[in-house]
Structures are given as structure tokens and as C-alpha cells.
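Hi,

Here is the structure I promised to pass on.

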Amino acid sequence: MPEIEFDGHGSLSTTTDSDPQHEYQRSTKDKICAHRAGVNCIAVDRFEGRLISGGAEASVKIWDLAIATNTQQQFTNRPTAVVKKSASSHQYGVTHLCFYPFDSLAFISSSYDHKLKVYSTETMTASATFDLESVIYSHSLSPIASHLLVACATQHAAVRLVDLRSGSSTHSLAGHQRAVLSVAWSPHEEYILASGGSDGTTRLWDIRRSSNSLGVLDLEDSVGVVGEDGLGKNARHRNHGKAHTDAVNGVVWTDDGQYLVTASHDERVRVWDMSTGANALSHFGPTIQNTHLSTLLPLLVPSNILKPGKQAMFYPNQNEILVFDLFDGTLLKRLRFPGVAAAPIRGHTTQGSTRNRTTSLAWKAGEVGFYSAHSDGAIRAWVPVTPEDIEADKDMAQEANGDEDENRKRKRDALEEIFRDLTRQKITFT
């Protein structure tokens, strides 16, 4: 598998192969990175294999992931298009990105500048701009709905709904007591929405109801509040209770809609059974780190490539990515990347540093592997290794340390079982 670097500075990519005559000139003193000020978010198009990235310096870049498919050597990917900071684009760092769920001709971006923008993928021009008059931490567009409502998590203590058809951005869902940090539409019920706020609550909404709210999730509840059908039937309605003891800045559904995963500044990840709304009591141990105000979304492996009853979660930790069994909380693997704890931040007129952290994860549909974004400016590709590589690693470990520790062997076996169906060969990630 290729080793891919994302180089976002210099000439744009104008070819779809690794033609040696298409040379890319840059200073040898420059560190290769996608965004010099850091990468805040990424998203992958499920139709044409493109990746979009949003930078802390307000730029948006598109990358063609298909370019490196057939190369077996180190490859430098360059953006095919760039939206730079300007009067018509974002003025501050990009907070969240998503492609239209039904095609890849448009994508949506949000920013610290209070703006939600709809861009054409082909022309990279904004076709619509919505000023929500408060910082937008994240947004969500339903993958199944006939409506085109964009739910926005903002500094305001209500979920904002933007209707792309009418151009209206006046409707809101009130219930949170402080800023909303994360929102996610259900992948199976087009009118059901989940939101996480800095007040520690996770709320469920049915936007067809006059009251909208279905209630809140409670970390001490093992019974549930969403009812027998997940839509409130015979439910015990509750508007008080907390999913976490601190701000909830990550809300993600499993792709079958059966579970909701929440991440919080209390450095806990919780799994909720959405057939009841009950806490599934998964425990992920003391390794979770989560202190930044921005949205932090765990990446869930698509269920169709795993065995029934199995689910894996990639968690974006500070200087590593943690791989967990979603249901029993077992830590299966630590994916570590090169770099220092403090990431240099470079601008045109300023220099500084910030703690390096993983900011965003995205799975590439139809292929084995995923991508991660980091505050050091890098986008990293994670790809599988072959059984031969695994055996070589085992031999080296045994030569250095003797027989493999039984606990490590158990975790390795569990990881390999989860990813066995990803390809025809048994793999793991490194």
C-alpha cells in the first residue's frame, strides 16, 4: 500500500497519475503539510473518492484520493482546488465540512466566522451563505431525508435549522441551557435528530412535533426514554438528566441507527441503545482524552464489513488514534503517528505552537482504510498491512522481548477478528 503525504502548498495538481515530468517545486526547508495553521476537519465523498479539508487559516481544499490507488511507492498528493480566505469565503477557521449525501456536486462548510456556506465542488464558489450570528461548531445534513434541513450546533443555546430549499435559517430547537457543540441526524428516521451541548446533555428531537423534544439521555438510566418504537411510544418523558458530567462535543450514530455514541470533556465515551435510549454501560477505560471546545467525533467502522454483532470505534486521541471494541470497551490498538506533542503553527506574520492533536477522522467508502486530520497541519492515510507484514512484526517482537505477552496476544487476536472481513486477507492497521 502507498505511503501518502498531503502537500497543500505550491502548484495545484493537474494530473491524475504520477508522471515524473509533472514536478512540484517547493522549498526544501518547508515541512510537508496540508494546511500550515492546522487541519480542523475533513470529509470524504462516497461517490467519487474525493477528500475535502478545512484549515485553521480559513481555507478549504479538495484532494483526489484516486490518484494514489495504483502506486506502490511513496506518493505526494496535492489539492485539485483551493478556496482561500477572501471577502466571499470564510474569514476564520473552518469548523466542519460535509458533502451532499446524494451526490458530490456540492459541499457545506461552517466556520468560526458565524457563516454556513454551500459550495459547488466543480467551481469552488459559494452558491449560498447563511449568517447564524454565532460560532458554528458543527452541522449535519440527513443522509436519507427528503427535506434539506441542515442542523447546526452553535454558540447559541438552541439547535439551529437551515432550510436549503427556502433559504430560511429562523427555526430553532430550544432545550439546551448553553452552547450546542454537536448534532447528528438519525441514519434511519429522517425527522429524528440528536444533539450534544456544553451543559452535559444529549437531547433527542422529532422536528415534526410541536414540542420537538423527545427528551434527554441520562447516564444513570438503564431503561430508556425514547419508547417502544424509538419515536416516543409509551415512553417515560424526561427533560432532566445528563449524558455526561461535562460538555458533550461528539454525537455519532452507528450506520444501522441502533446505537448512539457520545464523547465528552469528562473524558468518557458512552454508547446508548437507541431502541430504548438507555445507557449501554460500555466502559473504555482511562485512556480517553478530550479537552478542546471544538467538535470531536469518533469514527465508527461501517457495519456491513464486520461480522454481525461486532462494531469497532476509532477514537481521535491527542497524539494517537485508539481502536476500541464498541460494545465491551476493550482497547484493541493504539495507532501512533510521528511528530512532537507541540505542533508548530505558521502564518504570514506570526509563529507559535499548540498541542498537537487529532482533530478529525473520515472513512473512505468502498475501500479499506481511513484518513485523519491533525493540528500540526498533516492529513494522514491509514492503510492495512498484509499477513506477511504481521508475521514479520511478530518475529521481530519475539526476538527482542521473547514470547508475546498473553494479554497483548488476546487484544491482537480480537483486532484481527474485527477486521477480518475488510478484505479477502486477514489484516490489521499500523
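This is a predicted model: local features need pLDDT of at least 70, side-chain atom pairs count only at pLDDT 80 or more; totals for chains, interfaces and linings use all residues.

To start with the sheet: in what order do the four strands of the open sheet come? The order is β2-β3-β4-β6, and the pairing is antiparallel. β2 (39–44) and β6 (81–83) are at the edges with a single partner strand each, so one side of each has no neighbour in the sheet. From one strand to the next the twist averages 20°. For the terms: helices (H or I, at least four residues) and strands (E, at least two) are DSSP runs numbered from the N terminus, and two strands count as paired if DSSP finds at least two bridges between them.

Residues are numbered from 1 along each chain as its sequence is written, and side-chain values use heavy atoms, with hydrogens and water left out.

Back to β2: it pairs with β3 (residues 50–55) in the antiparallel sense over five bridges.

Now the charges. Side chains of opposite charge can pair when their charged atoms come close. Taking a salt bridge as a side-chain nitrogen of Lys or Arg within 4 Å of a carboxyl oxygen of Asp or Glu, the count comes to nine salt bridges.

Arg50 is the one I'd show you. Which side chains does Arg50 meet? Asp45 is one of them, at 4.0 Å from N to O, and Glu48 is another, at 3.2 Å. Arg50 also forms a salt bridge with Glu122, with the closest N and O atoms 3.6 Å apart. That pair links distant parts of the chain, 72 residues apart: Arg50 is in strand β3, and Glu122 is in the loop between β9 (115–120) and β10 (126–131). Through shared partners, salt bridges join Asp45, Glu48, Arg50 and Glu122 into one network.

How buried or exposed are they? With buried meaning under 20% relative accessible area, exposed over 50% and partly exposed in between (1.4 Å probe, protein chains only), Asp45 is buried at 2% and Arg50 is buried at 12%. Glu48 is partly exposed at 43%, and Glu122 is exposed at 54%.

Cheers

Methods: Axes are lines fitted to C-alpha atoms, for helices over the stretch in contact, and angles run from 0 to 180 degrees between N-to-C directions.
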